[in-house]
Amino acid sequence: MLRRYTRWMVVLSTCLTTCFSGCLHQCWKGYDCPDPPAYDESLIAEYANRGLKIEDPAPNVCEDDDWLEIPESPDSITPENIDFRNGYWDLSLEEAIRLALQNSQVMKDLGGVLRTPEAVVSMYDPAIVYTDGRFGEEAALSAFDATFGAGAYFESNDRRINNFTVGENGFFQQDLHNYQVNLSKRNATGGLVSLRSVTQYDYNNNPQKIFSAGWDTYIDAEVRQPLLQGAGVQFNRIAGPNGEPGFANGVLIARTRTDISLADFEIAVRNLVSDVENAYWDLFFAYRDLDVKINARNNVLEVWKKAYANVQADKKSADTEAQAREQYFRFQVEVVNALHGRLVERTRGHNGSEGGTFNNPGGVRVAERRLRFMMGLTQTNGRLIRPVTEAPVAKVNFDWSAIATEALARRPELRRQKWVIKQRELELLANRNFLMPNLDLVARYRQRGFGPTLSDQSSIPGESGALQSLTDGDFAEYQLGVEFEMPIGFRRAHSAVRSSELALARAKAILDEEEKQIMYGLSNSYAEITRAYEIMELLFNRREAANAQEATVRASYEAGKAPIDLLLEAQRRVIDSSALFNQARIDYALAIKNVHYEKGSLLEFYQVSLAEGPWPQKAYNDALMRDLNKRRAHSDFIINKAVIGQPTKMDNTLVAKPQNNDITPKQAPLDLPTPAEIDAAPVLPTGSLPRPHNPLRTASKPKPLAATVQPTSHTLAPVERMAEAPIIRAPANGPPRNITFGNDTPKDSIWLH
């Protein structure tokens, strides 16, 4: 019988070998193999470079295509088609920040998403770190989960053994079944508790057997508890039961990773708020700058008209008309650039200061598109954003000791680095544990059962089934012992400890440098407030002096007592001083913002808080039921079965668009004159900035800077030159501290803590 089986195995192996070999052995009878067929060149060309072909991924037919809404053309808004009633969107700074946070699933930065998409922080990052299948908190806790396993094996053995007492004269035949069930659990101290059940069925031809077929079953309980290496709750919470020298992935380490990701997210949100405010003030300055250049262009246009008329009447030489014409076109170029803008670097963080140092944005349209991008809006929608929040002009003083202490306590960068230090300290504690040898206490107890059947009474007198024998407790075994193992030298453990010590020293050194850098940035921002305010005062006086000079020279020129050179130069001084004054206002606004940025209170200043999103309703219900069950276990009092409310529905709107009914025109737009001699390019009326009260002429009562700033109620209007402007003169004994703008009495400074 064995030879017959052997013959069939040989035949089957030969057939399988021939099938798998295919055409590789067609010349097996000694004949010469023919030459391989020639390859078709067209076939080669068809498949050439297919492995490197650039392709798009296959679309998912189960999901709808999420195409970005194509915005309107950038030239859809022109001076000819602008709607003066609904063409402007008066937007406050607080509303801009709210829309930016509402529409930002990814913390925006111009170009950053395209350059390094994996490095960009998003709202999903903390949750991704928490749920990471390798290093997340749940993954670390899963090492302590109970494990259940089961198996069933069936064997048929047929062999010859060189022992005539085995089987029938050495021919051994057996049917063997093996059924196993086990349950194991790792505890917090590092011990492993296991419970196994093994059942075997054995039918063989051994003549020395008691029964023709026997059942052997046992239940095994084992406890293995580390005493040195890997022992203790602290080690297992830090490194986990699967920790190795240099690699710790316990629940405490996983939690520190989550805290670090939360700090990174807070930093990204703060930077987004700072960048939105920078973009807002860039647009504010762009409107101011455009108004100044429009007024200057219109003034020189009047001069050019008169000079042209004088030349036609032979009252003046032609060079005066050409000189006025040249200055007109110079100002017209500046108007076009101030309206459309050039693609230059914007005001952004880390360009001289952490929060951002003002940089001329290049023009209204460019600055408006940048602000729209930072807010998550479409680039064009038929209206232009117009800032209504005024740049601050009140004197603001910060207490240095208070803000320095606050910066060291609240900056998220320092909190993040402290979590890194905590992680390094935990890793050092875990690695020191590996310097101890392995010493495990092992305890095992086993209860056995044996019989000719599994459960029923057998036909053999006095013999019971295996399960009945198991429950009778006739066969009990136990084992108690210790296992010891250690590497000689502990080379890997010593290396891991030394590496952890160096990493901890590095993290602490970085924390010291971060604190120094924060103090450096805070001192710069603190000093910048004083500088920006004094420069704003001086430039205001310069602008008023330039306006007064231009008015005097204009009167002299119209009376024929001053040449045109002096008038044109006076007009250039007006435009230069006005532009610098507007820049000084933005510098002062950014200086105040940067102090809040440096001391870690920028989000609180705008009442922005970070909170975890709502859980599914079933999670709330399960938590409520667990709490009720815990209460019932300790008392019989009536329980208030309050139902947890539905979670707040999240707004997934990606593009926020202002409502048309929110826009109410405050003032008719400014009609710009057009010279009769030339066809000048039309210029978009801005109607941009507030005119009811010049902030540096009539000072309003200073208001404390709260977490939110209420938007102004007045209308944005073009800046116009005012006559009889009072001159601010600083005291002769030193630089001014509290300056009154206009005829009001001096106001107290604002102190922020």
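Leaving aside its neighbours within four places in sequence, which residues is Ser 525 in contact with? Before getting to that, a word on the model. It is a predicted one, so local features need pLDDT of at least 70 and side-chain atom pairs count only at pLDDT 80 or more, while totals for chains, interfaces and linings use all residues. Residues are numbered from 1 along each chain as its sequence is written, and side-chain values use heavy atoms, with hydrogens and water left out.

The protein has 17 helices and 12 strands, taken as DSSP runs (H or I, at least four residues, for helices; E, at least two, for strands) and numbered from the N terminus. Of its 753 residues, 40% count as buried, meaning under 20% relative accessible area with a 1.4 Å probe and protein chains only; exposed is over 50%, and partly exposed is in between. Take the contacts (heavy atoms within 4.5 Å) between residues at least 6 apart in sequence: 79% of them join residues at least 24 apart.

Now for the inside. A nonpolar core here is a set of buried Ala, Val, Leu, Ile, Met, Phe, Trp, Tyr and Cys residues joined through side-chain atoms within 4.5 Å. The largest one has 48 residues, and Val 276, Trp 281, Leu 371, Met 375 and Tyr 606 touch the most other members. Elements that each supply at least two residues include strand S1 (88-91), helix H3 (93-102), helix H9 (318-340), helix H10 (364-375) and helix H15 (564-599). The top contributor is H8, with 16 residues. A second, separate core of 29 residues includes Val 396, Ala 404, Ala 507 and Leu 539.

After H8 comes Asp 314, with a positive phi near 60°.

H10 has a partner in H9. Their axes are 3 Å apart and they pack at an angle of about 10°; axes are lines fitted to C-alpha atoms, for helices over the stretch in contact, and angles run from 0 to 180 degrees between N-to-C directions. H9 and H10 are therefore roughly parallel, since angles under 35 degrees count as such, with over 145 being roughly antiparallel, 65 to 115 roughly perpendicular and the rest oblique. Ala 338, Leu 339 and His 340 in H9 meet Val 364, Arg 365 and Val 366 in H10.

Back to Ser 525, then. This residue is found in helix H14 (residues 491-558) and counts as buried at 4% relative accessibility. Its contacts, leaving aside neighbours within four places in sequence, are Ala 591, Asn 594, Val 595 and Glu 598. The axes of H14 and H15 come within 7 Å and cross at roughly 160°, which makes H14 roughly antiparallel to H15.

One last stop is Thr 217, in strand S5 (residues 213-226). Thr 217 is buried, with a relative accessible area of 1%. Its C-alpha atom lies 9.0 Å from that of Gly 451, 234 residues apart along the chain. Leaving aside neighbours within four places, its contacts include Val 198, Gln 447, Ala 466 and Leu 470.
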